[in-house]
Amino acid sequence: MTEKQRHRLFLSLYSKCQARVYAFILMLVHNNHDADEIFQDTSVLLWEKFDQYEEGTNFGAWAVSIAKYQVFGHLRKKKKNELTFGFDMMKSIANIAEFESSKIDTRIKLLEICLNKLDHVGRSLLLLRYQQNMPVKKIAQRKGVSSGVIYRKLSKLFDALRRCVNLSVSHQS
Amino acid sequence: MTHKNNNTNLDNMLFLLLEGGLDEDGMQSIKTWLSSSPEAKKYYCEFINDYAAMKYHVNSMIDTDEEASSIASELDAEIWSSLAEYEKVAPVIEVNRKQPPPQRELIQKVVYPPRETRPINKFSIIFLALNVAAILFLVFFLKFTPPQKTIEVATVSDSINAKWDDANASMRRGTRLITMGNKMLLREGLAELTFDNHTKAVIEAPAEFQILADDRIGMMYGKIYTTVPPNAVGFSVYTPNAKVIDMGTEFGVQVDFNGNTQLSVQKGKIMLLAGDVSTNKDEVLAGVAKRISGTTGEISDIEFRSDYFVRGINSESNSIWRGQSTINLADIVGGGNGLGTGKVDMGIDPISGTLTKSAANNNGITINEYRPVLSTPFIDGIFIPNGRMKQIISSKGHIFKECPITSGDWFISPENVMRTLDSELTQDPVDSGSPFVPCIVMHANMGITYDLQAIRSIVPEAKTVRFRSKIGVGSETDRQCNADFWVLVDGELRYKKTRIIEKEKYYSVDIKLSENDRFLTLVTTDGGDLEDQAYTSIDSDWCRYAEPTLILE
């Protein structure tokens, strides 16, 4: 296989599971900033270690196992008092997270439908926060409202989306 | 997944946790709840799975949703008026601090739809397209760049906490770099490369790059800031979807892992070629930032941030410069490098010349000996001024000829502190942006000499052109003060204000500096008060250099 073919294979496999990898990382570090950083490092590492992947096996599971290694490496660098939940708790959550994160594709599909049901205000705020990556504080400062207002609005939007997704799940089942 | 309205508080806490807005009590509540049962952990994972799905999907809408372009600028007024209305009626997000949420309500059996083999979703297609661009970028290099001999063209001139990939693990300061060699992966930290044509490039991890020629570098991803001297005009940065050609300038380029390129021009101008080079080109001027879409190659305006890129590093002083235009001299007294690394409430012990926290005078009158300060390279020395004998004020033997005769007494070590200035009482109105400003508290009698030469090494790209500060006496006591302020450059008196007897009255000091100036000395003295039985000569002389700043250009 040429280098170009390898690259293409990697991208086709990774594009199908990167949402899962991100979700898994976020479940363990529960912090947007850290998760973004680890996700980027993991993406690089996956490509570097792609030689070790056995073609035909579950790429998503392999990618998550690499991500797990990265996350715990990150957590080990932190001082004990900087860890919110502690190592034992994290290990316990990691086992559940591996399984739960595998469901993300279904959720994304339903979420896409639900997002279209949001009004312009809601969609715009979500885009500003999660597409433009503008910090809540900055959104609030720019528009002269408190950060609490933005947090509440985002939380409410997310809640509405989850209810919509759950409703779709129950209808399907 | 379950959802119940009476779990609103829990959901709000989890949401705040992910957004980084949860307080300590909230953290503790979540921790307690998570420890309570496997069901709690499952609910936590489900919640975050949905949050990640939302974030990921919204992020993937970047080039597919027409709304994106309008959002890039601002939300419209309608949105914010509706948010303001919402605030009036919105429920408060309460943190349940005492009782963890009931678990049973979370335990519900949920039947998930059967898993399906899904075709590549929208995000995946975007991701794939973006990265195909990355592949083509690599191919482009091999195919279209003229064959180069592998010659040495640059040097790793500095680095801070740099960790390289295994193939380049031995890379260190002084390592020579060749054209068309292996790609280099900087996993962590910062590295500065200096090309033989004197172009400097600061790379921020994670970054992967390759030196293509003596005037060309390819960035697969990561951040690079280049300073190109006039003789090297034409220096270029290649990214997966753009070519940035210098036209006498300083500029930063960031390539994200998805192949999008961001460009910020700090000085001069550059020529930007994106996508189809024949049609998609733009001349970008200083103070402008652009984004080049990884999917379409379209160029769009983005917010320019002057501090977005690291512009200079210095491993000796552990300095990372993001374009700050000032050096905070109070920060240096706190053991820092003037860019914010110092500690508040730290200072310099005038007897030992070491960093200390609130060293007090327990030994009475002190001789006016000049003591070198070894704990920071930016302060040459410290002394208790007294003109009774020749007052030396630098390691090179500069003399403070105008030094008044003082009691030789001192009270407390000079410290880096944050203080409010009472602007109503000031002679020169103080800009009231923040109520707290950095100050050096220099209770009389005290003198500090900064080494400007060492300070210049923090930001070698900039010149130190002025010293500015406000001086005055703080109101720590309600008794009468009487103090003098003196500022000298290389032993030459450049400013003095004597017999300040009114507290909280601040005066502006603004001194021009030249690149040849070596030492800046700040002094406070006791106003010539005599010792008496009730009070010492230095009583209530809580002198402050407020916002003591070196201005850079």
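Colleague: What conventions apply to the model and its numbering?
Modeller: This is a predicted model, in which local features need pLDDT of at least 70, side-chain atom pairs count only at pLDDT 80 or more, and totals for chains, interfaces and linings use all residues. Side-chain values use heavy atoms, with hydrogens and water left out, while chains are lettered from A and ligands numbered from 1 in the order written, and residues are numbered from 1 along each chain as its sequence is written.

Colleague: How many Å does helix 1 of chain A reach from its first C-alpha to its last?
Modeller: Helices (H or I, at least four residues) and strands (E, at least two) are DSSP runs, numbered from the N terminus. Helix 1 of chain A covers residues 3-15, which is 13 residues. The expected span is 1.5 Å times one less than the number of residues. The expected value is 18 Å, and the helix comes close to it, reaching 18 Å.

Colleague: Is Ser15(A) buried or exposed?
Modeller: Buried means under 20% relative accessible area, exposed over 50%, and partly exposed in between, with a 1.4 Å probe and protein chains only. Ser15(A) lies in helix 1 of chain A, whose buried residues include Arg6(A), Phe10(A) and Tyr14(A). A polar atom of the Ser15(A) side chain lies 3.0 Å from the backbone oxygen of Ser12(A), a polar contact being a pair of N or O atoms within 3.5 Å; within protein, one must be able to donate a hydrogen and the other to accept it, and residues adjacent in sequence count only if both atoms are side-chain atoms. With a relative accessible area of 3%, Ser15(A) is buried.

Colleague: Which handedness does the disulfide of Cys114(A) and Cys164(A) have?
Modeller: A disulfide is a pair of cysteine sulfur atoms within 2.5 Å, and the count over all chains comes to 1. Cys114(A) and Cys164(A) are joined at an S to S distance of 2.0 Å. The pair links distant parts of the chain, 50 residues apart, with Cys114(A) in helix 6 (residues 104-115) and Cys164(A) in helix 9 (residues 147-172) of chain A. The torsion about the S-S bond is about -85°, so the disulfide is left-handed.

Colleague: Why is strand 12 of chain B called largely enclosed, and how many of its residues are buried?
Modeller: Two strands pair if DSSP finds at least two bridges between them. Strand 12 (residues 288-292) pairs in the antiparallel sense with strand 9 (residues 261-267) over 5 bridges, and with strand 13 (residues 299-302) over 4 bridges. Bridge partners include Thr261(B) with Ile292(B) and Lys290(B) with Asp301(B).

Colleague: Which residue takes a positive phi in the hairpin of strand 12 and strand 13 of chain B?
Modeller: The hairpin has 6 residues between the strands. Phi is near 75° at Gly297(B).

Colleague: Which residue stands opposite Pro372(B) in strand 20 of chain B?
Modeller: Strand 19 and strand 20 (residues 379-383) of chain B pair in the antiparallel sense over 2 bridges. Opposite Pro372(B) stands Gly381(B).

Colleague: Where is Arg499(B), and is it buried or exposed?
Modeller: Arg499(B) is found in strand 26 of chain B. Its phi is near 50°, a positive value in a residue other than glycine. At a relative accessible area of 53%, Arg499(B) is exposed.

Colleague: What is omega for the peptide bond from Ala444(B) to Asn445(B)?
Modeller: Asn445(B) lies in the loop between strand 22 (437-441) and strand 23 (446-451) of chain B. The bond from Ala444(B) is cis, with omega near -5°.
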